[in-house]
Amino acid sequence: MNTEEMLYKILEGKEKRAQFQKKLITEYKSTLISFTLNIPGMDKLSENFKKVHKTGVEELERELLKKNIAVQFKKLDSSSAGYEAFFCISENPVIIKKITTNIEERTKLGRLFDFDVFDKNYRLLSRTELGLPKRKCLLCDGVAAECSRSRKHPIEEVLNKVNHIIDENYN
């Protein structure tokens with residue numbers, strides 16, 4: 001598969017994810033957590049990434065259990081866009097966003113986690129709404145989204161950092 005075809009498959013996977021998110025919110029009328037990984041490049045389905053995603057799911061489930069928060073619906077899936085998990089929860093989305101940002105912040109592996117929290121109106125909650133700063137780039141002190149959008153760093157450099165974080169965590 002050439003680069004153009006791979007990119008199309010990734011975009012198609014992201015579009016299907018967005019459609020599924022809307023379907024879940026419509027059906028469950030509750031808070032939705034959509035969990036993916038922050039992985040640059042075309043290959044989003046390696047065994048290492050699968051292991052990282054599984055760790056993130058386990059972390060989330062452990063936190064929800066600790067706080068006695070029931071899950072109405074859960075689905076684990078994957079597409080060319082990467083590994084994904086969906087959780088519908090009858091809990092205030094702000095409380096859920098605090099839980100997920102805490103998971104993202106407290107470990108190095110959490111830097112690779114991407115927990116999106118939507119309210120029942122399909123509004124995505126942001127870190128800044130909680131008074132938290134935007135996520136930092138893995139390589140510099142810049143804002144991650146800005147570095148990514150501007151392609152400030154070569155993908156190979158970012159992937160090396162991602163793999164280093166994974167190696168530190170599992171080895």
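This is a predicted model: local features need pLDDT of at least 70, side-chain atom pairs count only at pLDDT 80 or more; totals for chains, interfaces and linings use all residues.
Four strands make up an open sheet, and their order across it is β2-β3-β1-β4. The pairing is antiparallel. In general, strands of a sheet pair through backbone hydrogen bonds, in either a parallel or an antiparallel way. The edges of this sheet are β2 (71–79) and β4 (113–118), each of which pairs on one side only. Direction ignored, neighbouring strands are turned by 15° against each other on average.

Strand β1, residues 31–37, pairs with β4 over six bridges. It also pairs with β3, over five bridges. Individual residues show where the strands meet. On the β4 side, F35 has F115 as its bridge partner. On the β3 side, the bridge partner of S34 is F86.

How many of the residues of β1 are buried? The count is seven of seven, and the strand is mostly covered. The side chains of β1 point two ways: T31, I33, F35 and L37 point one way, while L32, S34 and T36 point the other way. Both sets are buried.

Helix α3, residues 93–106, lies across β1, β3 and β4. Its direction runs at about 175° to β4.

**Pockets and a cavity**

The table sets out the spaces found in the model.

| Space | Volume | Lining residues by class |
|---|---|---|
| Largest pocket | About 1,500 Å³ | 19 nonpolar, seven polar, 15 charged |
| Second largest pocket | About 200 Å³ | three nonpolar, one polar, nine charged |
| Largest cavity | About 40 Å³ | four nonpolar, two polar, one charged |

The largest pocket is lined by 41 residues. Those nearest its centre are N38, I39, A144, A145 and S148. Two or more lining residues come from each of α1, β1, α3, β4, α4 and α5. Helix α4 gives the most to this lining, with six residues.

The second largest pocket has 13 lining residues, and K50, H53, K54, V57 and L76 lie nearest its centre. Here α2, β2 and β3 each supply at least two residues. Which element gives the most to the lining of the second largest pocket? Helix α2 does, with eight residues.

A search of the whole structure finds one cavity of 30 Å³ or more. The residues that line it are T36, L37, I39, K44, A81, G82 and Y83. Strands β1 and β3 each supply at least two residues of this lining.

**Single residues in loops**

K44 is one of the residues that line the cavity. Its place is the loop between β1 and α2. Is K44 buried or exposed? K44 counts as buried because its relative accessibility is 12%, and the cut-off for buried is under 20%. Leaving out residues up to four places away in sequence, K44 touches I10, I39, F49, S80, A81, G82 and Y83. The C-alpha atoms of K44 and S79 are separated by 8.7 Å, although these residues are 35 residues apart along the chain.

H153 is in the loop between α4 (144–150) and α5 (155–170). With 17% relative accessibility, H153 counts as buried. The contacts of H153, again without residues up to four places away in sequence, are C137, L139, C140, C147 and V158.

Most residues other than glycine have a negative phi. K29, in the loop between α1 (3–28) and β1, has a positive phi near 45°. N68, in the loop between α2 and β2, has a positive phi near 60°. K29 counts as exposed because its relative accessibility is 59%, and the cut-off for exposed is over 50%. N68 is exposed as well, with a relative accessible area of 72%.

Conventions:
Residues are numbered from 1 along each chain as its sequence is written. Side-chain values use heavy atoms; hydrogens and water are left out. Two strands pair if DSSP finds at least two bridges between them. Axes are lines fitted to C-alpha atoms, for helices over the stretch in contact, and angles run from 0 to 180 degrees between N-to-C directions. Contact means heavy atoms within 4.5 Å. On a 1 Å grid over the protein atoms alone, a cavity is a set of points where a 1.4 Å probe fits but cannot get out, and a pocket is an open set with protein on both sides within 12 Å along at least five of seven lines; lining residues have an atom within 4 Å of a point. Grid points are joined across faces, edges and corners, and a volume is the space filled by probe spheres set on the points. Ala, Val, Leu, Ile, Met, Phe, Trp, Tyr, Cys and Pro count as nonpolar, Asp, Glu, Lys and Arg as charged, and the others, Gly among them, as polar. Buried means under 20% relative accessible area, exposed over 50%, partly exposed in between (1.4 Å probe, protein chains only).
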